[in-house]
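Please open the structure in a viewer and keep the selection tool at hand.

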Amino acid sequence: MRYRKALIMTLALGTIWTRASFSGDALAPGEIVRACYARFYYAGDDMKARILMKLIDKGGQERIRDLTMLRKNSAEGGEQKYFIYFHQPADVKDTTFMVYKYPDKDDDRWLFIPAIDLVKRIAANDKFSSFVGSDFTYEDISGRKPEEDTHTLLREEDVDGRSCFVVESVPQERSAYTKRVSWIDKENFLPLKEEFYDKQNELYRRFEALEVKEDNGIPTATKRVMQNVKTGHRTEVTFQEVEYNAGIGDDIFSERYLRRPPLQWIE
Amino acid sequence: MIKRIFGFSVEHTRLVILLTLIVTCLFLWQFPKIKVDTDPKHMLPTTSPVRVYNDEVDRLFSLHADTIVLGISNKEGIINTDTLKKVALITQSILKIKGVITQDLLSLSTVNDVIVKEDGLQVRPLLDQIPETKDELETMRKVLYENPMLVDRFISKDGKTTAVYIPIEPAANGKAVADLVRKIVKEAGPPEEYYLAGDPIARDTFGSQMFKQMGLFSPVSGMVMCVALFLMFRNYALVFTNMGVAMISIFWSLGLLIGMGFPVHIMSSMMPVFLMAISTDTVHIFNEFYFRFREVKDKRRAVLETMNTVAQPVFYSDLTTAVGFASLATGAIVPVKVFGLFVAFGTFVILLMSYTFVPAILMVMKESTIQKALGREDIKEGKAQGMTWLVKLGGLSLSRRSVILKTGLILIIFSVIGISRIHVNNNMVSWFKAESEIRRSDKILNKELGGTSLAYFVLDSDKEDFIKEPSTLRYMETLQRRLEQNPLVGKTTSVADYVKHINRVLHQNDPKFEVIPGSKDEVAQYLFLMEMSARPNDLNNVVDYPFKRANIWVQLKSWDAGVMRELVQAVQKYTLDRPLPEAKFKPAGIAYFNMVWNDEVLWGMVSSFLASLVLVLGLLIFEYRSLKWGIISFIPLLATIVIIYGMVGWIGKDFDMPISVLSTLSLGMAIDFAIHFVSRLKQRYQEIPDVEDALAWTVGRPGKGIIRNAVLFALGFAVMMFASLTPYITVGIFMALIMILSSVATLIYLPALIIHFKESLSFKGGR
């Protein structure tokens, strides 16, 4: 099954790529964004990553989120499951967090609080609020469905020597931003830069992928930064280890493992 | 030297007038460069400790110095679908205003809340979906009232009022943003009522109104003074000259101020009125000129003789005034310094004009018009020396001197008692009239919600994660309960409240768990949950990044500096009772700033004023080459000030900024009268050495100039009683009083004093 999906995806991307190289600008902006969505948020069947997040305020003070993230897709563009284990800060060690992401309804989340040995189910419709205090929103972490925006190809432009599509996305559905401009790598369809505009139509957040590495032929933005240009706050993210298609079992994503983290996956 | 100056002016009238006009144009040239600064915060330099610390606290806790509060209320209660829809709509529109800090705007529709459901928690923006059914509305009500952090902030206890908290960028103009918000709520319309409050509105509205009022009342009081002048002298040229001198000194000093790049501040905006007042000193020249002209019937001789007689008192009275104002520069507050120095400069301009422009104008006047004006004055005032009632008054103060002296003494003692009752306070909102929109809104919001003024008490330690200790949280919690005992404290919020709330929410909303948990890890994990479910800034606002410092928010229902002082003392007492060796509390926030600012400016003003009093006394002693004469001529000024502030104490008016500004004005006026009086008295005594006669003559003749000056001035200021800002009303009323008092002190009390001490006073020599 895994094999079939990978094949489909490769084929799909292949078509897009061929069309892009043959007919140049003819690639529809919606397709660019859809390809980006697939590559960036649905890469591999599953993923395991050790992620270090640094939350840095205007004055340079830092807070750290050292976590292991496990992700498993059920179908591309469809349901996803996330399991997050926190190594640091020290006083929240063993806290675990699980998210079931559904494409067409609100997430389900569960949080395990070790100090009182309690698992709480959290129903949330706060896609636009901050992910663990960082400058990323939940939506930034798990992706926004391309169908929720209308896309326009503005131009093509180089970012750090890589040629990109520059696409403007204007929300049709509820959104935290009024406009998003994305610089999407023409080759691997990763977003190298994104700029978000607020209700005053002013730039307020900027995302940048500073380093891209490949694992199993799958490119990953291993260094990312999201900066709030209005507050001066920024979040630096480093993917210290990434592994795709590691064969994470579906049973990991359950309340049992929230309480007793699966050591083989979080090391 | 002085003689040569006015001698030259008499010879070259046209040249003098032309030169004056040219220089005036040069100064006027600077006016387009005008910069305006209405923020009273800028009274303190950026390096002042309170500003530095406030900025640091803002940075540490991601706070915004300026927040506007919009109250929305509905008599039927705000928890109904229509009103909530409006709140959401208004919030959306306000977010679009430039200058509003979008990510930190707080209203029912932007705040996240954690709600307890049967199968877990629900995290969502409060107004994510506008409740429509009865059940949904009931749930909403329950959610709001179950969260103590929302009550009194987003919903009033009676459920009729909610609020939108609108932080604005430091560079944004509070009034401009408020005007746009007003437009938005006007479109939203009734039945809801809307109230706007907050420091930026008060400050910026005050700033803009201040300039409007100054722009309106400077010319109006100028005009009133013109009319009064005309009624006194019946001569347009004279009226023109007098106002001309005022205008010239205003243009020169404001031009210089602007040209040198200083912004026009609250204090310096009052310069025109002050200079107009000081320039009335030239009335003494006209007054004497009229008497002289009647005696010698020759314009040229009359001008020269007038200048010979008046030059010296004019010189000394202007010099004393200038020194008095310049000595304000000894203080630490920059805008007060600037104000003092430039008024001093303007006073010198007036002095220069008195020697040049004034005699030149007198020379170009037609003799026939002067004659005509004199004729009228004679008919009006009686015959001969034309000063009958003043002469009678002079006689009275001589014959009844012991009664006068005793009355004066009793009055002064009574006033000193009054001064001891003075209550120092400052409240910017009360600078607006009681019926003004700002004050009404402020009053209503303070009644309904936690309070529009804000103070912070920052718990500051060196230890990382110190704030996560349950004992620290309990320590803060107890302090909060203590502070809340003050009836003007509406609400306090700290990280302890968040921890308690999360504890309760995690335990099926059981009120038993609304306490600080027992272990540090528990606290840390609750806070972590909060970071995962709320706006990051909710937490950042109350605790810093390394958890070394925590910030207790204290909402105040009053802008009185006095309330803040009480809180600072309460915290001091608390930390003394229960010392916490690892950490200490430091106050901050707008309420604290206002308190410090108020104290510094007020006491800075008072100490500068005392310094200038000493200087003026020294100058008087020097001028008369006599300690006794110096002291005697100092008494009308002193008596005036003592009585005025005694009155402030007795009527229970707060001693605030505008009241403290008054003191400097009295400096400018009361001393002039005494100098004119004593100088002329001594001149007269040289001619006819009879003390009583000389006194009666002085009360009658230069005394008339004093009365004219006082009336002119009192009228000019009385106009300000119709202003819409209370500080101007205060200044207007008290100035009129100061004029009456100081002229009475000079014309009644001073003669009585002189006669009483005549044995020990030398009338000869001197100057």
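Leaving out residues up to four places away in sequence, B:Val499 touches B:Leu473, B:Ile516, B:Val523, B:Tyr526 and B:Leu527. Two residues are in contact if their C-beta atoms, placed from the backbone, lie within 7 Å.

A note on conventions is needed here. Residues are numbered from 1 along each chain as its sequence is written, while chains are lettered from A and ligands numbered from 1 in the order in which they are written. Because the model is predicted, local features need pLDDT of at least 70 and side-chain atom pairs count only at pLDDT 80 or more, whereas totals for chains, interfaces and linings use all residues.

**The core around the first stop**

Which residues touch the most other members of the largest nonpolar core? They are B:Leu70, B:Ala455 and B:Val499, in a core of 266 residues. Helix H28 of chain B, residues 726-756, gives the most to this core, with 17 residues. A nonpolar core is a set of buried Ala, Val, Leu, Ile, Met, Phe, Trp, Tyr and Cys residues joined through C-beta atoms within 7 Å. A residue is buried if 20 or more other C-beta atoms lie within 10 Å of its own, exposed if 12 or fewer, and partly exposed in between. Helices (H or I, at least four residues) and strands (E, at least two) are DSSP runs, numbered from the N terminus.

**Two partners of H28(B)**

Next, select H28(B) together with helix H24 of chain B, residues 627-651. Their axes are 8 Å apart, and the two helices pack at an angle of about 140 degrees. Axes are lines fitted to C-alpha atoms, for helices over the stretch in contact, and angles run from 0 to 180 degrees between N-to-C directions. H24(B) and H28(B) are therefore oblique to each other. Angles under 35 degrees count as roughly parallel, over 145 as roughly antiparallel, 65 to 115 as roughly perpendicular and the rest as oblique. The residues that make the contact include B:Ile635 and B:Ala639 of H24(B), and B:Leu741 and B:Ala745 of H28(B). By class, the contact of H24(B) with H28(B) has 15 nonpolar, 3 polar and no charged residues. Ala, Val, Leu, Ile, Met, Phe, Trp, Tyr, Cys and Pro count as nonpolar, Asp, Glu, Lys and Arg as charged, and the others, Gly among them, as polar.

On the side of H26(B), the contact is made by B:Val691, B:Leu695 and B:Val699. H28(B) contributes B:Leu747, B:Pro751, B:Ile754 and B:Ile755. The residues of this contact divide into 7 nonpolar, no polar and no charged.

**A loop in chain B**

Select B:Val542, in the loop between helix H21 (536-540) and strand S8 (549-556) of chain B. Is B:Val542 buried or exposed? With 23 other C-beta atoms within 10 Å, B:Val542 is buried. Beyond its neighbours within four places in sequence, B:Val542 is in contact with several residues, including B:Phe61, B:Tyr498 and B:Ala550. The C-alpha atoms of B:Val542 and B:Ile552 are separated by 6.6 Å, and the two residues are 10 apart along the chain.

**Where the chains meet**

Show both chains: 33 residues of chain B are in contact with 31 residues of chain A. Helix H20(B) gives the largest share of the side of chain B that touches chain A, 9 residues. That side of chain B has 12 nonpolar, 8 polar and 13 charged residues.

**Chain A**

Finally, colour chain A by secondary structure, which comes to 5 helices and 13 strands. Buried residues make up 36% of the 267 residues in chain A. Select A:Pro89, in the loop between strand S3 (80-88) and strand S4 (96-101) of chain A. The peptide bond from A:Gln88 to A:Pro89 is cis, with omega near 5 degrees. A:Asp117 has a positive phi of about 50 degrees although it is not a glycine. A:Asp117 is exposed, with 8 other C-beta atoms within 10 Å.
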